[in-house]
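Reader: I'm new to this one. Could you show me how to read it?

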Amino acid sequence: MNMDLNALAEKQLELSKGISLKDEFPKDIKTIGGFDLAFSGGRVFCAGVVLEYPDLEIIEIKTLCSKEEFPYIPGFLSFREAPAIIRTYRMLKNKPDIIAHDLHPGYFSSLLAKDLARRSKCRSLIAVQHHH
């Protein structure tokens, strides 16, 4: 695969300018959504879950297994992860009020979460620290 990493870095930088870390959660949250991925043998496995809030009971789970479309390149993981997350999100019948995403504001995945929220009925985002 021939790709211009400088162009991809510029695209990430441009898109990251749209990320906001303001605490603007709606007061009437009823559902929270999140996604995770794994890669193995040229395949990507993605799971999306929607939970009731505040009791965190599972409302819906969707999973996807598809061909990996972008190679592992440190610093460019979202180009590898975003297609599967978007497809899994579109499979959800219950769109979440809030989407949990990676805390790192410069990560493209944070922008992806914001974009999914903007394009759907999701009204807010919550940044989650998942590394120690």
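Author: Let's go through it feature by feature.

Author: This is a predicted model, where local features need pLDDT of at least 70, side-chain atom pairs count only at pLDDT 80 or more, and totals for chains, interfaces and linings use all residues. Residues are numbered from 1 along each chain as its sequence is written, and side-chain values use heavy atoms, with hydrogens and water left out.

Reader: What is the mean pLDDT of the protein chain?

Author: First the idea: pLDDT is the predictor's confidence in each residue, from 0 to 100. Here the mean is 80, and 67% of the residues reach 70 or more. Confidence is highest in strand 3 (residues 58-67), at a mean of 96, and lowest in strand 5 (residues 124-128), at 60.

Reader: How do strand 1 and strand 2 run, and how many bridges join them?

Author: Two strands pair if DSSP finds at least two bridges between them. Strand 1 and strand 2 run antiparallel, joined by 10 bridges. For instance, F39 has V44 in strand 2 as its bridge partner. The two strands form a hairpin with two residues between them, and G41 in the turn has a positive phi of about 55°.

Reader: Which residues make up the largest nonpolar core?

Author: In soluble globular proteins, nonpolar side chains tend to be buried together. A nonpolar core is a set of buried Ala, Val, Leu, Ile, Met, Phe, Trp, Tyr and Cys residues joined through side-chain atoms within 4.5 Å. Buried means under 20% relative accessible area (1.4 Å probe, protein chains only). The largest core has 11 residues: F35, L37, V44, C46, V50, L64, A84, I85, Y89, L92 and I99. Strand 1 (31-40), strand 2 (43-52) and helix 2 (77-91) each give two or more residues to this core. Apart from it lies another core of five residues, including L8, I73, F76 and F79.

Reader: Is S66 buried or exposed?

Author: S66 sits in strand 3 and is buried, with a relative accessible area of 12%. Its contacts (heavy atoms within 4.5 Å) are with G42, R43, V44 and R87, not counting residues up to four places away in sequence.

Note on methods
Helix = DSSP H or I, 4+ residues; strand = E, 2+ residues; numbered from the N terminus. Buried < 20%, exposed > 50% of the residue type's maximum accessible area, 1.4 Å probe, protein only.
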